[in-house]
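Please examine the sequence and the three-dimensional model shown below. The report after it is intended for a reader who is new to protein structure.

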Amino acid sequence: MAANKFKARKSEKSSSNGGGLFGLLAKLKIAGNLETGLPVKQLPKVAFALVLGVIYVWNSHFAEKASRKIDKLETEVEDLRADVTTLEADYMYSSKQSEVAKNVKKLGLEESKEPPYKIVVDKREY
């Protein structure tokens, strides 16, 4: 008779040394320690480490958000500063005597050619 050529598949082998999380736990022998119960003695330290981790992540997100907000506001301030400078320059140009004279000429007013004179009133007459 011919020899048996049947080979067992890898999944059909004993899965005590299998991969994944449970295989890793078996290799580290943590599963054996957890069978007797949770190590309550270590829970405060683990909880403290978890709280510190959560605070660390929250703080980094908060800092990034604040940094983005600051950058956005700085850009907005630069834009507003440029707008103010432009408006001030336009205002200074439009308030020049020659520009005012051009604008009021449309209304039918004309610029006086004589300089203004001072009216002096004696205080004793009152």
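The sections below describe the fold, the surface and two side-chain contacts.

## Basis of the report

The model is predicted: local features need pLDDT of at least 70, side-chain atom pairs count only at pLDDT 80 or more, and totals for chains, interfaces and linings use all residues. Residues are numbered from 1 along each chain as its sequence is written, and side-chain values use heavy atoms, with hydrogens and water left out.

## Overall fold

The chain contains four helices and zero strands, where helices (H or I, at least four residues) and strands (E, at least two) are DSSP runs numbered from the N terminus. Along the sequence the pattern reads α-α-α-α.

## Surface and burial

Of the 126 residues in the chain, 2% are buried. Buried means under 20% relative accessible area, exposed means over 50%, and partly exposed lies in between (1.4 Å probe, protein chains only). The accessible surface of the chain is about 13,100 Å², and 61% of this surface belongs to carbon and sulfur atoms. Such areas come from the Shrake-Rupley method with a 1.4 Å probe; for residues, only the protein chains shown count as cover.

A nonpolar surface patch is formed by Tyr117, Ile119 and Val121, which together have about 400 Å² of accessible area. Patches consist of residues with over 30% relative accessible area and no salt bridge; like charges are joined within 9 Å, and nonpolar side chains (Val, Leu, Ile, Met, Phe, Trp, Tyr) within 5 Å. Val121 is located in the segment after α4 (97–105) and is partly exposed, at a relative accessible area of 45%.

## The salt bridge

Side chains of opposite charge can pair when their charged atoms come close. A salt bridge is a side-chain nitrogen of Lys or Arg within 4 Å of a carboxyl oxygen of Asp or Glu, and a search of the whole structure finds one. This bridge links Glu99 with Lys102, whose closest N and O atoms are 3.4 Å apart.

Both Glu99 and Lys102 belong to helix α4, where they are three residues apart, about one turn of the helix. Glu99 is buried, with a relative accessible area of 12%, whereas Lys102 is exposed, at 52%.

## The aromatic pair

The whole structure holds one aromatic pair according to the search. Trp58 and Phe62 form this stacked pair, with 5.5 Å from centre to centre and 20° between the planes. Rings of Phe, Tyr and Trp (its six-membered ring) pair if their centres lie within 6.5 Å; planes under 30 degrees apart count as stacked, over 60 as edge-to-face and the rest as tilted.

Trp58 and Phe62 are four residues apart in helix α3 (residues 43–94), so about one helical turn separates them. Trp58 is exposed, with a relative accessible area of 54%.
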